[in-house]
Amino acid sequence: MGRTHSPKGQIVLKKKEKLEAVKAAMPGAYSLEDFAAKFQEMYPEDWGKIASRYEEHERNAQGKGHPMAQPWQYLLNMVKNFLKAKDTNA
């Protein structure tokens, strides 16, 4: 019997708009961790979706690897990519 697959698709809907809102709520200087923590605070339902999707990947992988990073690292990667894109567009 084959492995079941986790659902595909975007985990955080309207990601860019939400990350823009978090950036606007941040003080002048901040770290990636501060930004990610603020995202968790402002959008707990999206943080829950990230954690749920990771748990689903873990369940379905049954001891094998899967491509999704752990929830906190996933969020940090999302923030880092957003900020990098903002820097290149500025």
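V79 touches L19, L32, F35 and A36, leaving aside residues up to four places away in sequence. In this predicted model, V79 sits in helix α4, which covers residues 71-89. Its relative accessibility is 0%, so V79 counts as buried. One of its contacts, F35, is 44 residues away along the chain, yet the C-alpha atoms of V79 and F35 are separated by 7.3 Å.

Let's turn to the charged side chains. Side chains of opposite charge can pair when their charged atoms come close. The structure holds four salt bridges, and the table lists three of them, including those of D46.

| Salt bridge | N to O distance |
|---|---|
| K18 and D46 | 2.5 Å |
| E20 and K86 | 2.8 Å |
| K49 and D46 | 3.7 Å |

What does the bridge between K18 and D46 tie together? K18 belongs to helix α1 (residues 15-25) and D46 to helix α3 (residues 44-61), so the pair joins parts that are 28 residues apart in sequence. Both partners are buried: K18 has 16% relative accessibility, and D46 has 0%.

D46 also pairs with K49. These two are three residues apart in helix α3, so about one helical turn separates them. K49 is partly exposed, at a relative accessible area of 38%. Together, K18, D46 and K49 are linked in a network of salt bridges.

The salt bridge of E20 and K86 links distant parts of the chain, with E20 in helix α1 and K86 in helix α4, 66 residues apart. Here E20 is partly exposed at 28%, and K86 is partly exposed at 27%.

Notes: Residues are numbered from 1 along each chain as its sequence is written. This is a predicted model: local features need pLDDT of at least 70, side-chain atom pairs count only at pLDDT 80 or more; totals for chains, interfaces and linings use all residues. Side-chain values use heavy atoms; hydrogens and water are left out. Helices (H or I, at least four residues) and strands (E, at least two) are DSSP runs, numbered from the N terminus. Buried means under 20% relative accessible area, exposed over 50%, partly exposed in between (1.4 Å probe, protein chains only). Contact means heavy atoms within 4.5 Å. A salt bridge is a side-chain nitrogen of Lys or Arg within 4 Å of a carboxyl oxygen of Asp or Glu.
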